[in-house]
Amino acid sequence: MSAKQRIGILTSGGDAPGLNAGIRAVSRTLINRYDMTVIGIEKGYKGLIENQHRILTANELSGILARGGTILGTSREKPFKDKDWKADSGFGAVDKIKKNYKNLRLDGLIVLGGNGTHTTAHLLAQEGLRIIGMPKTIDNDIVCTDITFGFYTALDVATNAIDRLHSTATSHNRVMIIEVMGHKAGWLTLYSGVAGGGDVIIIPEIPYDISCIAEHLKKRAAGGKEFSIVVVAEGAISITEKDYDKKTLKKIRSKMTGSISYQIAREIEASTGLEPRVTVLGYLQRGGIPCANDRLLATEFGTAAADMAAREDYGKMVALQNNKIVSVPLADVADKIKPVPMDDPMILAAKNVGTCLADN
Ligand code: F6P
């Protein structure tokens, strides 16, 4: 009789709603359908370096579908961060991962994560590990997939926050600025801005022109709308900043007081005389119960990833394209981010309903 296959699973990078639904789907499919053993690696790649793991049992996989966070823990560990990792001669992070993967007698590893996680997965695959990726992030910025799980819950949270700001903004006739996460991509900001009826939406893909924002706010005030909601992506940049190289931009930003929203608030005040208030939504967007869509997506991705492990279809990431679950090579995903394309229907929709996108 051949020994049961052993598959490792880990969650890595910033957490996102739906991770536990994903762990549950992968593990239950591997255990129930394929009679395999599932080893939960703790704290992302860190747990693989430090050899922290446990066998996932049916008991532990019960009651976690609707739970936020990740039962396995996570970290932003990047084993390849040291460019000289090859010279580590058995003591570096990559060597430890390879050693522990072998000692654990893993037949494969399934990683749930974002861009960094998939870049590492690709490099580990080149080092001989059999890896499958599952795209999660509230940022929705992973290439080759139409959507990532975690996005829809964060979208609900951000939209709900904009709704709440609306009532206080109208009571006080104020300009309210809300800063939304998304790293260098504007998906969460654009979609929550449209869903919440933001008057101005500022995304990294469209560098903002303060004179255009000021004109829009003044026009609204002159037309009797003395309040406005400005939805700003944490990665927003101005039309002046777009021409700076990475180093110069970093230097300028390090001298700035507060995040980009506070800078935009200062610029709005200087150019309109209005006094904006800033809300930085932050980690609320990542926490809490996953919405139904994220649970469904994580469950579909998870069962598909388990099927891929069973047929030994490694070196790939599970993805959703045109409503179909597919798999794509990790090589196509590694080291890339997916910005909002200028022909995204939501950009046109925002413009059609009169939203200012801070350009001309
Ligand atoms: O990638 C998810 C995300 O929440 C981004 O939107 C944000 O820029 C980043 O993670 C924050 O990371 P950290 O948890 O390391 O502060």
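Helices (H or I, at least four residues) and strands (E, at least two) are DSSP runs, numbered from the N terminus. With these labels, the largest share of the lining of the largest pocket, six residues, is traced to helix H4 (residues 115-126). The structure is a predicted model, in which local features need pLDDT of at least 70 and side-chain atom pairs count only at pLDDT 80 or more, while totals for chains, interfaces and linings use all residues. Residues are numbered from 1 along each chain as its sequence is written, and side-chain values use heavy atoms, with hydrogens and water left out.

**How pockets are found**

- Rolling a probe the size of a water molecule over the atoms shows where empty space is left.
- The search runs on a 1 Å grid over the protein atoms alone; a pocket is an open set of points with protein on both sides within 12 Å along at least five of seven lines, whereas a cavity is a set of points where a 1.4 Å probe fits but cannot get out.
- Lining residues have an atom within 4 Å of a point.
- Grid points are joined across faces, edges and corners, and a volume is the space filled by probe spheres set on the points.

**The largest pocket**

- The volume of the largest pocket is about 990 Å³.
- It is lined by 35 residues, and those closest to its centre are Arg 76, Lys 78, Asn 115, Gly 116 and His 183.
- By residue class, the lining of the largest pocket holds ten nonpolar, twelve polar and 13 charged residues. Here Ala, Val, Leu, Ile, Met, Phe, Trp, Tyr, Cys and Pro count as nonpolar, Asp, Glu, Lys and Arg as charged, and the others, Gly among them, as polar.
- Domain 1 (6-149 + 290-321) and domain 2 (154-286 + 341-353) each give at least three residues to the lining of the largest pocket. The domain bounds come from an automatic or database domain assignment.

**The second largest pocket**

- The second largest pocket has a volume of about 710 Å³.
- Among the 18 residues that line it, Lys 184, Gly 235, Ile 237, Leu 249 and Arg 253 are the closest to its centre.
- Helix H8 (residues 246-254) supplies the largest share of this lining, four residues.
- The lining of the second largest pocket divides into seven nonpolar, three polar and eight charged residues.

**Cysteines**

- A disulfide is a pair of cysteine sulfur atoms within 2.5 Å, and by this rule the count is zero.
- Cys 212 is buried, with a relative accessible area of 12%. Buried means under 20% relative accessible area, exposed over 50%, and partly exposed in between (1.4 Å probe, protein chains only).
- Cys 291 is also buried, at 15% relative accessible area.

**Buried residues in the fold**

- Thr 70 sits in the loop between strand E3 (53-55) and helix H3 (93-103), and counts as buried because its relative accessibility is 16%.
- The side chains of Thr 70 and Thr 11 are joined by a polar contact of 2.9 Å. A polar contact is a pair of N or O atoms within 3.5 Å; within protein, one must be able to donate a hydrogen and the other to accept it, and residues adjacent in sequence count only if both atoms are side-chain atoms.
- Val 94 belongs to helix H3 and is buried, with a relative accessible area of 1%.
- Ser 192, in helix H6 (residues 187-195), counts as buried at 0% relative accessibility.
- Leu 112 is part of strand E4 (residues 108-113) and is buried, at 0% relative accessibility.

**Separations between C-alpha atoms**

- Val 94 and Pro 345 are 251 residues apart in sequence and 42 Å apart in space, C-alpha to C-alpha.
- Ser 192 and Thr 37 are 155 residues apart along the chain, with 40 Å between their C-alpha atoms.
- Leu 112 and Phe 149 are 37 residues apart along the chain, and their C-alpha atoms are separated by 10.0 Å.

**Positive phi values**

- Asn 322 is a residue other than glycine with a positive phi, near 50 degrees. Asn 322 lies in the loop between strand E10 (316-321) and strand E11 (324-329).
- Is Asn 322 buried or exposed? Asn 322 is exposed, with a relative accessible area of 69%.
- Ala 358, also not a glycine, has a positive phi near 70 degrees. Ala 358 lies in the segment after helix H12 (345-352) and is buried, with a relative accessible area of 0%.
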